Amino acid sequence: MRIGDAAAAVGATPRALRFHEQRGLLPPPHRTRSGQRDYGPDELALLRVIRELLALGLTVEDLSSVADRLPALATDPPPRCGTVQPGAREAGVIGATVVDQRIAALDAEIERLTRLRDLLASHAKTVAS
């Protein structure tokens, strides 16, 4: 499957696939005699995993740190991604550390946004009075 078809199959763009390859998330695919990338079922499964993890809030940098373990998530059935529950120390394929760090970063951003919202709301009340 050529890059445009592969990208469409996983809901991405050809540019995104090249980016994932460049960042080491996706191993370089087989090339045709004319040099075009040729994606198979294994690459498509891995791309779906990458897209799902990014949609869950992990970053490309998070995934880069565990890129060698991502193909394990594309197996059927997939193993656990990270911790099963808060405070659990069992490391899944991605690892508790990566998941815990991303959750901590999200919590910090939520706290920052909550403070910003409260500040804006208090200023809005002052201006409306």
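Before the first crossing, a word on axes. An axis here is a line fitted to C-alpha atoms, for a helix over the stretch in contact, and the angle runs from 0 to 180 degrees between N-to-C directions. Also keep in mind that this is a predicted model.

With that, take α1 and α2. Their axes come within 8 Å and cross at roughly 95°. That makes α1 roughly perpendicular to α2, because angles of 65 to 115 degrees fall in that class. Who makes the contact? On the α1 side, Ile3, Gly4, Ala6, Ala7 and Val10; on the α2 side, Pro14, Leu17 and Arg18. By class, the residues of this contact divide into 6 nonpolar, 1 polar and 1 charged.

Let me step back to the whole chain. There are 6 helices and 2 strands. From the N terminus, the order is α-α-β-β-α-α-α-α. The chain has 129 residues, and 31% of them count as buried.

Which of its residues are buried? Leu17, His20 and Glu21. Those three cover an arc of only 100° around the axis, which puts them on the same side of α2.

What do the buried residues of α2 pack against? Four elements: α1 (3-10), β1 (30-31), β2 (37-38) and α3 (41-55). And just after α2 comes Gly24, with a positive phi of about 85°.

Is Ala7 buried or exposed? Its relative accessible area is 1%, so Ala7 is buried. Set aside the neighbours within four places in sequence. Ala7 then has contacts with Ala12, Thr13, Pro14 and Leu17. Leu17, remember, is one of the buried residues of α2. Ala7 and Leu44 are 37 residues apart along the chain, and their C-alpha atoms are separated by 8.6 Å.

As for handedness, α1 passes α3 in a right-handed crossing. From α1, the contact uses Ala6, Ala9 and Val10; from α3, Leu44, Leu47, Arg48 and Arg51. By class, that is 5 nonpolar residues, no polar ones and 2 charged. Note that Ala6 and Val10 also belong to the contact of α1 with α2.

Last stop, further along the chain. Asp62 lies in helix α4, residues 60-64. Where does Asp62 stand on burial? Relative accessibility is 10%, so Asp62 counts as buried; the cut-off is under 20%. Beyond the neighbours within four places in sequence, Asp62 is in contact with Val98 and Arg102.

Technical notes. Residues are numbered from 1 along each chain as its sequence is written. This is a predicted model: local features need pLDDT of at least 70, side-chain atom pairs count only at pLDDT 80 or more; totals for chains, interfaces and linings use all residues. Side-chain values use heavy atoms; hydrogens and water are left out. Buried means under 20% relative accessible area, exposed over 50%, partly exposed in between (1.4 Å probe, protein chains only). The arc is that of the directions from the helix axis to the C-beta atoms. Contact means heavy atoms within 4.5 Å. A crossing is left-handed if the near helix is turned anticlockwise from the far one by less than a right angle, and right-handed if clockwise. Ala, Val, Leu, Ile, Met, Phe, Trp, Tyr, Cys and Pro count as nonpolar, Asp, Glu, Lys and Arg as charged, and the others, Gly among them, as polar. Angles under 35 degrees count as roughly parallel, over 145 as roughly antiparallel, 65 to 115 as roughly perpendicular and the rest as oblique.
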